[in-house]
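Let us learn to read a protein model feature by feature.

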Amino acid sequence: MAQATHPHYDRLIAAARALPPLRMAVVHPTNAVALQAALESARLGLITPLLVGPRTKIDAAAHELGADLSGVECVDAPHSHAAAEAAVALVHEGRADALMKGSLHTDELMGAVVRREGGLRTGRRISHCFVMDVPGHAQPLVISDAAVNIAPTLEEKVDIVQNAIDLAHALRFPAVRVALLSAMETVNPRVPSTLDAAALCKMADRGQITGAVLDGPLAMDNAIDAEAARIKGIVSPVAGVANVLIVPDLDAGNMLAKSLSFLAGAYAAGIVLGAKVPIVLTSRADGETARLASCALAAMVAQAARAGSIKAVG
């Protein structure tokens, strides 16, 4: 039998299916792609969807799919902004334990999430993580932050790193090894990302970041390839075997994730952490497997938060 192309996602989805379905408010699922992802996730037992948006448009998308929405709860909202507000309200009312982006702009959804009054902020900085299933790579890779924080400060990177570590624990990584990426593996005062990396490593030494072993600055090659690390003489428990990659800024993270997706055939499941509930951010370019895996991520994170083993949500 041929080996599965993305075995890490297969294992992730299987683990999430063993959990109770996650009550997920699906925000503005008014096209066939967004609605199908929610309904297929429900069919697999990953989520119990609450569809939030204009009922007539949701019904039209269901008609296009040939899907039956009987038994699926719908909350009517006149437009995308109202749908985002209504979905956040469902969390506050205790009716939803996660959010999923439908066919609306990310800014619209996140605007409702980060609102200081009535939003879903916590004491943590909100950040995004991709979980990449790269064909041929021995382990999944967590990449942060490629979608929310544009040019994070050192203080903001502390939460970005801790959120990513919490996600790795929620996904039951046997060991969490964090590489703080830069263009080089030596500290250079003229390259700010190397200074941030060095500071974050010392903060981990002092217990300000917990739950993982950190090293950096590391270039991408010696973070994930043991031979590259050996050639450059880097002796480290992280170099060559990193499974969490922290990028310097959004540009670097976005290009790294998309390069892996479009050049290496990787799947990228995405999730937002640091809010009161996990938030699934999907892209129009995502395939069905990546969308299902994103819902599985949310289920695993929510379960870990309920168990008190992580603090990236709640």
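The dialogue below takes up a strand, pockets, cavities, aromatic rings and cysteines.

Q: What kind of model is this, and how are residues numbered?
A: This is a predicted model, where local features need pLDDT of at least 70, side-chain atom pairs count only at pLDDT 80 or more, and totals for chains, interfaces and linings use all residues. Residues are numbered from 1 along each chain as its sequence is written, and side-chain values use heavy atoms, with hydrogens and water left out.

Q: How do I read a strand, and is strand 5 enclosed or open?
A: Start with the terms. Helices (H or I, at least four residues) and strands (E, at least two) are DSSP runs, numbered from the N terminus. Buried means under 20% relative accessible area, exposed over 50%, and partly exposed in between, with a 1.4 Å probe and protein chains only. Strand 5 covers residues 127-133, and seven of its seven residues are buried, so the strand is largely enclosed by the rest of the structure.

Q: Which residues of strand 5 point which way?
A: Ser 127, Cys 129, Val 131 and Asp 133 point one way. His 128, Phe 130 and Met 132 point the other way. All of them are buried.

Q: Which strands pair with strand 5?
A: Two strands pair if DSSP finds at least two bridges between them. Strand 5 pairs with strand 10 (residues 267-273) in the antiparallel sense, over seven bridges. Within that pairing, Phe 130 has Gly 270 of strand 10 as its bridge partner. Strand 6 (residues 141-144) also runs antiparallel to strand 5, joined by three bridges. There, Met 132 is partnered with Leu 141.

Q: What lines the largest pocket?
A: Its lining has 44 residues, with Thr 106, Ala 147, Leu 281, Thr 282 and Ser 283 nearest the centre. Elements that each supply at least two lining residues include strand 5, strand 10 and helix 11 (288-307). For classes, Ala, Val, Leu, Ile, Met, Phe, Trp, Tyr, Cys and Pro count as nonpolar, Asp, Glu, Lys and Arg as charged, and the others, Gly among them, as polar. The lining divides into 19 nonpolar, 15 polar and 10 charged residues.

Q: What about the second largest pocket?
A: About 330 Å³ of space lies there. Its lining has 17 residues, and His 8, Pro 140, Leu 171, Arg 172 and Phe 173 are nearest the centre. Helix 1 (7-17) and strand 5 are the elements that give two or more residues to this lining. Helix 1 gives the largest share, five residues.

Q: How many cavities are there?
A: The whole structure has two cavities of 30 Å³ or more. Helix 7 (192-205) and strand 7 (177-181) each give two or more residues to its lining. The largest share, four residues, comes from helix 7. The second largest cavity has a volume of about 30 Å³.

Q: How do I read an aromatic pair, and how many are there?
A: A pair of aromatic rings is described by the distance of the centres and the angle of the planes. Rings of Phe, Tyr and Trp (its six-membered ring) pair if their centres lie within 6.5 Å; planes under 30 degrees apart count as stacked, over 60 as edge-to-face and the rest as tilted. The whole structure has one such pair. The rings of Tyr 9 and Tyr 267 have centres 6.0 Å apart and planes at 40°, so the pair is tilted. Tyr 9 sits in helix 1 and Tyr 267 in strand 10, 258 residues apart.

Q: How many disulfides are there?
A: A disulfide is a covalent bond between the sulfur atoms of two cysteines. Here the rule is a pair of cysteine sulfur atoms within 2.5 Å. The count is zero. The sulfur of Cys 295 is 16 Å from its closest cysteine sulfur, in Cys 74, too far for a bond.

Definitions and conventions: On a 1 Å grid over the protein atoms alone, a cavity is a set of points where a 1.4 Å probe fits but cannot get out, and a pocket is an open set with protein on both sides within 12 Å along at least five of seven lines; lining residues have an atom within 4 Å of a point. Grid points are joined across faces, edges and corners, and a volume is the space filled by probe spheres set on the points.
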